[in-house]
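This report describes a strand arrangement and a helix pair. The sequence and the structure are shown first.

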Amino acid sequence: MPKLHLTSVLSAIAGPLLAQGSPRIVKPFLAVSLALFTSYFPAFGSSPSIGLPITRTYSIEEIGASRGPQLNFDQLGRLAVISSGSYIVLNDDNWIDLAVHSSNILPVIDLIVDHDGNAYYGALASWGVAKTTEDGRILPTSLRPAEYPAWINSTNFTQILPTPTGILFVGTNGVVHLQKSTGEQNFIETPVATAFRLGDEIFLSSGQTGTVRLDPLTGNTETIDAQVAVFETAEFGDGGIVAATSNNRLLYFDGHTFTESYFGFEEGSVGPISCLEALPDGGFAIAIDSVGLFLVDGSGQRKMALTSTNYRRILDLAVHDAGILWLARESSVEKLLYNNPVSVVDQRAEVVIGWPQVLQWGGDSLIASNGRLYKMVLANNSWNYRFEELPESPPFGVWAIAANEEHLLVGNGNGVYASTRESFTPILENFEANRLFLQEKNLCIVVGSREITALRWDGEQWSEFVPRIPGVGFPSVAHVTEQALWIELGLDRVARVWFENGELQLQVIDEFPWDEPVWVNIGVLNDYIMLSGAYNQRIYLDKDTALPSPAPEIDEALSRSPVTILRASEDENGMIWASHPEGVITIRPSDDGYTIDTESLDSIRDQYPVITLFNGQHAWISTESALYHVDQDFTPSQNAERQPFLVSIVDGKTGLELYTAAKPNKVMDTLPYSKNHLVFRYFSDGYKSLDKPIYEFSMQKGSDSWKVQSEDSLLTLPSLEEGSYQLSAQLTEAGIPVGDPVVTNFKIEPPWYRANAAYFLYWSAGILICLSVMSSGMHRAKRKHDELEELVRQRTDELRDTMQKLTDEARTSATLAERNRLAGEIHDSLQQGLSGIALQLDATLKHDNLDTNLHNRLSVARRMVSFTRQEVQQAVWDLESPLLQDESLSEALRNITQVLGAGSAKLKVQTSGTPTEIPSRRKHHILRIAQEAITNAVRHSQAENITIALHFTEDQLRLEIHDDGQGFDPSEVFSEGLGHFGLRGLRTRASKIDGLLTIDSIPQKGTSVTLNVPISKDDQ
C-alpha cells in the first residue's frame, strides 16, 4: 500500500508540472523520482533470503598478502590482490605474485588496466605506468617529473580513473591528469574524497567543495551540489550512479541532480558505508560497517542480506563476472556466488548442523539439528531470515520430529513430547523414539530400533492406543508419503510402516534382483516409490500398494543421467530432484520428455544427500553435516562451458616469457634448441566453479604421443628433443572433456652440432682427412716398400727359427734344474724336519700324565704334520693331493676340515645337487683353493663359524666358503704393492681351470669366497 500511495502521489504532482512545460531540471528529477520511489520498500516485492550464499574463503597466509588487502582484476580477468607492494593474481587455484620487489619501489596502493591493455599505478607521492618485464612481472615506472607541486609529497594516489582523453590519478590533495596523446600532465590541487565518471564527464567530490564537474585538460571545475560530499559510487540504472555520502546517505545521481534513495533501507542514514560496487547484472553491492553486506538488483529491490558477524567489516568489493562477488576482509578474501540458487544454513547462521531435519508447523519452518530445535524467523528489516533456538526443549534434545498445522511432536531416546507453544509435555516415556510420522492429522507412528507404536490425539491429549510391534533396527533415513513411512535400513533392506484396520502394519523388503548386497536408497515420486541399488539399478513400486509398477518414462530419464542416481523426489510441477553420490541434479519435464540440468545445483558437493520438498516453493537438501536451501522456482543455469586459454609460455632455463596472452600478437612458432625447457601456464577463464579445474594435457610429436590429467594449470616440459610438437589442453569434468581444447603448435630446432649444415661439415671434414691420410701413407709406403720387403721376409724367418730353439732349450733346462733343486732341498730339510716333528709328537703322546685336552690338541698337530709331509712329497713330483686319492671331492673337503679343525671355529661341509665326476687336475686345483680359503679363515679372520658348500648342476660346479670373521677390504688387499700371495694364488689357480673366483668381504662382517667352475660333457 505505501508503494502504490507514493507512486500515485508523485504521478499526481508530476502530471501537471510536465504538462505545463516545467524547467529542464524538473523533468529528469520527476522521471527519476517516479522510478526510484517504486523501490523505496522492496520488502513488499521479493522474498527474504534464507541461509547464506555459497562461498570460498582464502586466508591472507594462503594468498601471501598482508592484512587489509585491496582487490582488482588484471588484463586477463584474473582477480588481483594488491597488498604492501605485491600484486598477487589468482590463476585457477594458485596465487602468483607478479610484482617486482625492490627497496627502490614504493608500495603500490592501486593498479588498473585500461581497455587498451595498459597498466597504471598509484602510490604515496608517486604515479605512473606498470610495465611488464621480460619474465612477465610488473614493474612500476614513475611518471613524476623533476619539478612538481609541493602538495604531491603528502598525497596518496588511491584511485585511478580512465578519462576520454587520458588517465586521472586521484589523491587526497588533488589529481594529476595524464594526456595520452601528448604525454603532458596537468596538476590540479583540490581536496578530493572520490572521483567518478558519467559518460564522458568527470566529477570530483569532497567535504570542502561538495561535488564538482572537472575539465581534466584545463583543470576548471563547475559546482554541481556544494552540499553533497560523495566518497563511494557505483554505476546504477541507465547512465546514473548510486552514491554514498559522508553522512551515510544513499543518493541517486543522473549527472545533474542528486535524489534521495533508500533502496529498501530505512529512511535517513543507513550506517557507515565502507564499500559500494556495481554488479554486472545492473544492481550494486553495499557493505555497511557493523551491519553487513547487502545486494540490490537492477530494479532497486533487495536481492540478498548478509548480516552475520563475518560480513560486518568489509574493506573492499570487486566484481568482474556476473554472479561472483569478491570481498576483502582484514585477514581474508572471499568469493561469494550471489546468483547461485543454493544457500547454506550452517554455523555462520548460528545453527549447529548434525543430521538436520526440516519441516513446517503451521506457518513456521523448523529445523531439528544436532539435538536442537530452531525456528526460522523473519528479521526486523525483512531482508532475511534468522534462526532462533526454541527454549524449553525436552531433556536429552530433539532427534525426531513430526508436525502438521496443529501439532508438533518431538522425540529422543527418552520418549515423545508434544509442544504447547510455550514448552514441551511428555506423552510417551521410556521409549526410544528414533522417527516420528504423522500419518493422519491426529495419528502419530513412533518408530524405535526395538519397538514401534502409535499415538492418537483424542481432542485433549495424546495417548498410546495400539499394541506395540517389534522394530526392525535403527531407521537410518526415513521418507514420508501420504500413506506410509518408508525407511532405509541398510544393505538390501528397507521397510514400510503404516496404520491400517486398527493395527500397525510393517513390511520389510529384503530381496532384490542385484547380485551383491548394497545400501538401498529410497526415492519418493508422485506415483511411485523408487528403490535404488548400485550402478543405476532401480525398482519401482506403486506408492499405494507397494507392488511392482514399471515407470518407463521416468526410468529412461534417470538412465540418461551422467551420474548414478540414488534418491529422487518429485515436486508438484513434475520436476524430479535427484541426488547422486556427490550432489544433486534436477530433471525437468518438457514437451520432448525430460531435460537434465547438472549445472544449476553443482555447488552442492556433499555425499549422499537427502531431499525434502515443501509447498512447491522450498527444497531442502541435507547430509550428515550440511543443510542447503533452494527455491523450487529457480531458473536453470545457462552457463556456457568454461573455455581455458593459454596465459604464458616461459623459458624454464632463463625465466623469460616467450609468449603471453597480454600481448597476443607475439607469436611463438620455432624455438632454438637452447629453449627446449618450456613452462606452459593456462587459466580456466572464470571462478564460477568451487572445484579446482582438472586439465587434460596431450602432446603429439610425429607418431609419438602422451596424455595426462592434472589439477595444476602449470605444465612443465623439460629437455624437449628437436622436432615439431602439438600440445593440447582441455578442461574435464568427471573425466569427460568439456569445451574446446587449446592447441599450441611449436617446433624445437636441433642444436647447431646436430643441424643439417653441421652434418654436412662433419662428412666433408672426415672425407678430407681420410683422403689426406691415405695419400700420405700411400706415398711413404711406396717409397720404402721395395727396399724393405725382401729384407723383412728374410730376417723374420731366421729370427723365428732361432727364437723357437732358444725357448725350448731354456724351458727344459730351467724346469729340470729347478725341480731337482727343490726336490733335494725339500727332502733334505723340510721333509726330514717334518718327520722329526712327527716322531717327537708320537713320543709325547705316549706319556700317561697328559690331560685329555692337551692330548687332543697334540693329536691334531700330529695329523697336520703328517698331512703336510704328504703334501710336500706330492708337490715335489706334482702329484695329486693324498686327500683326493680314492676319494670324491666332497669327501676330500670333509677330510680337510678335520685336519684344519683346530681352534674355536666350527667348520661345516654342505653338498647339494648330483655329484659329477671331474678331471683329477681340476679337482686338485679346487681342493687347493678350498684349503687356502679355509686356512685363511682359521688363521686370520677369528671366525666362529665356517661353512663350505659344494653345489653341482648340469653345467657348473660352485664352491662357496663363508665365515663370520672380521673380514677385510678386498680393494686394499689387491692394490698394487701389497702382499697376500695366498689370495693372489687363488685367482691364479682359478684361471688354470677356467673358473671364476669372487671374493666378497666387508670389515667386521665376514668373508665369502665363491668359485664357479664350468663342467663340460668332455670333462664328464
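Angles under 35 degrees count as roughly parallel, over 145 as roughly antiparallel, 65 to 115 as roughly perpendicular and the rest as oblique. Axes are lines fitted to C-alpha atoms, for helices over the stretch in contact, with angles from 0 to 180 degrees between N-to-C directions. The model is predicted: local features need pLDDT of at least 70, side-chain atom pairs count only at pLDDT 80 or more, and totals for chains, interfaces and linings use all residues. Residues are numbered from 1 along each chain as its sequence is written, and side-chain values use heavy atoms, without hydrogens and water.

Helices (H or I, at least four residues) and strands (E, at least two) are DSSP runs numbered from the N terminus. The axes of α7 and α8 come within 11 Å and cross at roughly 30°; the two helices are therefore roughly parallel to each other. The residues in contact (heavy atoms within 4.5 Å) are tabulated below.

| Helix | Contact residues |
|---|---|
| α7 | L889, A892, L893, I896 |
| α8 | K923, I926, L927, A930, Q931, I934 |

By class, this contact of α7 with α8 has eight nonpolar, one polar and one charged residues. Here Ala, Val, Leu, Ile, Met, Phe, Trp, Tyr, Cys and Pro count as nonpolar, Asp, Glu, Lys and Arg as charged, and the others, Gly among them, as polar.

An open sheet is formed by four antiparallel strands in the order β14-β15-β16-β17, where pairing requires at least two DSSP bridges between two strands. Its edge strands are β14 (194-198) and β17 (221-225). Five bridges join β14 to β15 (residues 201-206), and A195 has L204 as its bridge partner in β15.
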